[in-house]
Amino acid sequence: MNNLKNILVGITSSIASYKIYELVRLYKKNGYNVKVVVTENALNFVSTLVLETLSENEVYYSQFSPRNNVQHINLVEWADIFVVAPISANTLSKCAQGIADNLLSSIFCAYLSTKKPILMAPAMNKNMWNNPFIQENIKKLKNQNVDFVDPEDGFLACGDVGCGRLAKIELIFEKTLKNLFQNKINNGKKVIVTLGGTKESIDSVRCISNFSSGKMGKSLCKWAYRMGFDVLAISAVELENVPYKSINVNSADEMLEAIKNNDFDVLIMAAAVCDFKVKNKSEKKIIKENMQHEFALEFVKNQDVVKKIAQNKRQNQKIVGFCLADEDCVAQAKNKLKNKNLDYIVANEVKIALNTDENKVTIIEKSGKIINMELDTKDNIARKILEVVCD
Ligand SMILES: Cc1cc2nc3c(=O)[nH]c(=O)nc-3n(C[C@H](O)[C@H](O)[C@H](O)COP(=O)(O)O)c2cc1C
């Protein structure tokens with residue numbers, strides 16, 4: 001497992017600078033070490049006291065420190081990634097030209113040669129953003145493998161409406177981890193993850209479903225994205241502000257159709273697909289007043305989505321099933337692995353896995369190899385599953 005942990009955050013002078021408090025907090029909450037370097041101009045917008053408290057480290061802003069005159073070099077060595085957010089038009093242009101006239105730009109100047117990842121999140125007025133010199137400088141930086149989280153369209157602090165607003169903090173966070181963990185070999189490989197509990201209509205407004213939250217699937221999507229895969233989530237739960245592609249579906253039939261319409265190298269079926277659908281469903285809303293006190297719904301079995309897809313899978317495609325059961329889940333999972341022609345199956349128990357943040361799983365391979373995992377966060381388990389499956 002790749003354990004890159006040290007994030008160097010650069011903050012320049014922009015009205016959006018205060019948002020980086022939240023980014024630093026998010027990195028720390030997820031177990032990363034954070035050091036912050038700010039431009040002297042940025043000190044008009046952010047407080048070193050707040051940043052030191054949140055990062056639990058000294059905040060650097062002076063090029064010339066009597067105690068340590070080579071701190072720009074030490075910080076370059078320390079960091080696994082350099083994230084400059086927000087990056088001003090001024091600093092962005094200096095970086096593109098190799099100008100090193102303060103601590104932050106000196107760090108960039110040295111950092112670029114290390115080939116370690118750099119991520120920039122610009123924020124500026126729309127006219128600054130549209131300035132051809134700025135766009136030219138962005139191209140130059142991209143040519144040197146600097147990655148960007150582009151600003152958004154919307155209301156800008158100056159009152160204008162247009163492109164220039166700092167990207168969402170969650171997006172900057174996800175792109176940071178992608179830059180840390182992506183494996184170039186995975187680029188272009190397609191991973192489909194299905195997630196959430198599907199819904200089957202009773203009438204035009206009511207449905208039956210299950211208690212699946214989609215958390216395991218969301219963790220799988222996040223980690224597949226971070227590892228550099230081309231991720232498509234086929235989801236029965238709402239997904240907001242995610243950096244990967246997603247399709248929303250309701251029923252098992254819709255989920256099957258969506259998978260059929262999209263190619264994949266790896267399919268991970270983390271969704272809790274309803275096994276039954278209502279046979280006598282009503283096209284219109286059932287009116288309560290017209291109903292007896294008691295009435296019955298009839299059900300028919302749904303198509304087995306993963307089995308259907310696995311019947312026609314190509315040799316180089318991998319399919320991962322999930323098996324959720326109250327007891328004997330490993331035995332049940334072994335049967336499913338065989339009967340459904342899967343490459344892997346992940347066995348988990350209802351009382352630990354359903355609608356929780358943690359899980360305890362057993363991964364069973366077609367070859368018969370069994371990997372028992374300890375109770376862990378769904379994020380860590382997702383990472384491990386992907387490492388096993390995409391090895
Ligand atoms: C209130 C205010 C807000 C500003 N917001 C931005 C901004 O969002 N983006 C930007 O590029 N410049 C912005 N500027 C201009 C920069 O602060 C200015 O170009 C500065 O020289 C950049 O310094 P630095 O790159 O060393 O941090 C703003 C200036 C002021 C006074």
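Predicted model: local features only at pLDDT ≥ 70, side-chain atom pairs only at ≥ 80, totals over all residues.
Biologist: How many helices and strands are in the chain?
Modeller: The chain has 14 helices and 22 strands. These are DSSP runs numbered from the N terminus, with helices being H or I of at least four residues and strands E of at least two.

Biologist: And what does the C-alpha trace span?
Modeller: About 80 × 55 × 35 Å along its principal axes.

Biologist: Which residues come nearest the ligand?
Modeller: T12, S13, S14, T39 and S88, out of 15 residues around the ligand. A residue is near a molecule if its C-beta atom, placed from the backbone, lies within 6 Å of it.

Biologist: Which helix gives the most to that shell?
Modeller: Helix 4, residues 89–97, with three residues.

Biologist: What's the shell like by class?
Modeller: Seven residues are nonpolar, eight are polar and none is charged. Ala, Val, Leu, Ile, Met, Phe, Trp, Tyr, Cys and Pro count as nonpolar, Asp, Glu, Lys and Arg as charged, and the others, Gly among them, as polar.

Biologist: Switching to the open sheet, what is its strand order?
Modeller: The order is 3-2-1-4-5-6, with parallel pairing. Strands pair if DSSP finds at least two bridges between them.

Biologist: Which strands are at the edges?
Modeller: Strand 3 (59–60) and strand 6 (147–148), each pairing on one side only.

Biologist: How many bridges join strand 1 to strand 2?
Modeller: Six, between residues 6–11 and residues 33–38. L8, for instance, has K35 in strand 2 as its bridge partner.

Biologist: Now the largest nonpolar core: which residues touch the most other members?
Modeller: V193, L220, A224, L267 and V320, in a core of 57 residues. Helix 9 (residues 215–226) supplies the largest share of this core, six residues. Apart from it lies another core of 56 residues, including L8 and A85. A nonpolar core is a set of buried Ala, Val, Leu, Ile, Met, Phe, Trp, Tyr and Cys residues joined through C-beta atoms within 7 Å. Buried takes 20 or more other C-beta atoms within 10 Å of the residue's own, exposed 12 or fewer, partly exposed in between, with C-beta atoms placed from the backbone.

Biologist: What share of the chain is buried?
Modeller: 40% of the 391 residues.

Notes:
Residues numbered from 1 in each chain as written.
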